[in-house]
Amino acid sequence: MRGGVMAAAARWLGPLQRAAGAGQVSGAAGRRPVGRVRGPAPGLNELSQPLASPQAPARACSRSVLGVRPRAGLAWRPSRCGSSAAEAPATKAEDDSFLQWFLLLIPVTAFGLGTWQVQRRKWKLKLIAELESRVMAEPVPLPADPMELKSLEYRPVKVRGHFDHSKELYMMPRTMVDPVREAQEAGRLSSSVQSGAYVVTPFHCTDLGVTILVNRGFVPRKKVNPDTRQKGQIEGEVDLVGMVRLAETRKPFVPENNPERNHWHYRDLEAMAKLTGADPIFIDADFKSTVPGGPIGGQTRVTLRNEHLQYIVTWYGLCAATSYLWFKKFVRRTPGL
């Protein structure tokens with residue numbers, strides 16, 4: 001009787017077992033397994049076996065309903081998720097501390113640069129005051145020692161002698177220094193500036209017995225040729241007042257001097273003196289030296305840029321803004337910053 005019942009159960013469960021096995025294979029092929037790979041479903045023979053006795057080993061009873069068998073040699077290990085979660089806040093705190101002190105360098109540096117500009121402005125104002133006092137000083141006789149001229153730039157000096165118009169030099173292109181016109185045209189997009197040249201003429205000093213170079217002043221381009229201004233070519237001895245000027249170096253983008261064409265773009269006193277046979281001494285004649293038909297004197301531009309105040313405002317403003325943001329970010333801990 002019992003044998004007949006088991007045979008009937010086998011016939012009835014056989015198709016179901018094959019269908020369950022096929023479904024399990026197709027499901028495993030359609031998706032990636034997660035975790036441990038499950039073993040095959042329990043068969044009919046396993047279902048037909050008698051239950052384990054209470055005296056059976058514990059590992060024999062550890063088979064789950066899903067049919068997963070425990071593997072030999074595997075031991076339970078505690079998860080490291082807890083330790084990683086504990087280490088994350090510590091790492092984030094270290095990063096925030098580094099970022100906090102690194103960003104503090106911005107307002108500190110801006111404050112230092114602003115203070116440096118304050119000192120620079122004091123120095124520039126003192127230099128401008130010294131320059132103005134030197135320009136407005138009474139003329140002194142030209143020193144016989146050329147080494148003394150290094151401390152006399154922009155200082156008015158007086159000389160007596162005569163010009164040698166046959167060795168004129170031309171510094172060009174130049175525009176005329178006219179403070180009145182420049183004040184009227186300040187802020188305009190266009191101006192009526194006329195291009196021309198400075199006429200540099202050797203001048204033999206009677207008292208000192210030396211020949212110096214004198215910038216007589218500005219002439220328009222159409223008057224550069226001395227034949228067009230014969231009326232302004234002074235003859236005989238004259239008394240002259242001018243400002244001492246030193247040699248200058250060529251600035252970026254300024255062309256090189258061209259002695260062959262007699263075009264001079266900057267004051268190279270050594271080269272000018274060598275070409276004319278004069279000493280490397282240079283003065284700008286004042287406006288009173290102007291004669292009808294001749295160059296217009298007084299072409300000394302005495303200006304010093306003083307933009308340190310706007311630099312002070314810029315750096316101190318940047319310091320204040322970044323200090324406020326740093327305080328909101330790291331002291332008050334305002335979210336979103």
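Which residues of H4 are buried? They are Pro107, Ala110, Gly114, Gln117, Lys124, Ile128, Leu131 and Val135. Here, buried means under 20% relative accessible area, exposed means over 50%, and partly exposed is in between, with a 1.4 Å probe and protein chains only.

Before we go on, a word about the model. This is a predicted model, in which local features need pLDDT of at least 70 and side-chain atom pairs count only at pLDDT 80 or more, while totals for chains, interfaces and linings use all residues. Residues are numbered from 1 along each chain as its sequence is written, and side-chain values use heavy atoms, with hydrogens and water left out.

The names of helices and strands come from DSSP runs (H or I, at least four residues, for helices; E, at least two, for strands), numbered from the N terminus. Helix H4 covers residues 105-135, which makes 31 residues. From its first C-alpha to its last, H4 reaches 44 Å, close to the expected 45 Å. That expected span is 1.5 Å times one less than the number of residues.

His308 lies in helix H7 (residues 308-330), and the side chains of His308 and Gln117 make a polar contact at 2.8 Å. A polar contact is a pair of N or O atoms within 3.5 Å; within protein, one must be able to donate a hydrogen and the other to accept it, and residues adjacent in sequence count only if both atoms are side-chain atoms. Leaving aside residues up to four places away in sequence, His308 touches Gln117, Arg120, Arg121 and Lys124, where contact means heavy atoms within 4.5 Å. His308 counts as buried because its relative accessibility is 6%.

**Strand E2 and its partners**

Now look at strand E2 (residues 156-163). Two strands pair if DSSP finds at least two bridges between them.

| Partner of E2 | Sense | Bridges |
|---|---|---|
| E1 (residues 140-141) | parallel | 2 bridges |
| E4 (residues 195-205) | antiparallel | 3 bridges |
| E6 (residues 238-245) | antiparallel | 6 bridges |

**Helix H6**

Which residues of H6 (residues 269-276) are buried? Leu269, Met272, Ala273 and Thr276 are. Seen down the axis of H6, these buried residues fall within an arc of 95 degrees, so they line one face of the helix. The arc is that of the directions from the helix axis to the C-beta atoms. The buried residues pack against strands E3 (169-175), E4, E5 (211-220), E6, E7 (263-264) and E8 (282-285). On the face turned away from the buried side, H6 carries the exposed residues Glu270 and Lys274. After H6 comes Gly277, with a positive phi near 80 degrees.

**Backbone details**

Most residues other than glycine have a negative phi, and most peptide bonds are trans. Phe253 has a positive phi near 70 degrees, and Asn262 has a positive phi of about 60 degrees. Phe253 lies in the loop between E6 and E7, and Asn262 lies in the loop between E6 and E7 too. Phe253 is exposed, with a relative accessible area of 85%, whereas Asn262 counts as buried at 16%. Finally, Met172 and Pro173 are joined by a cis peptide bond, with omega about -5 degrees; Pro173 is in strand E3.
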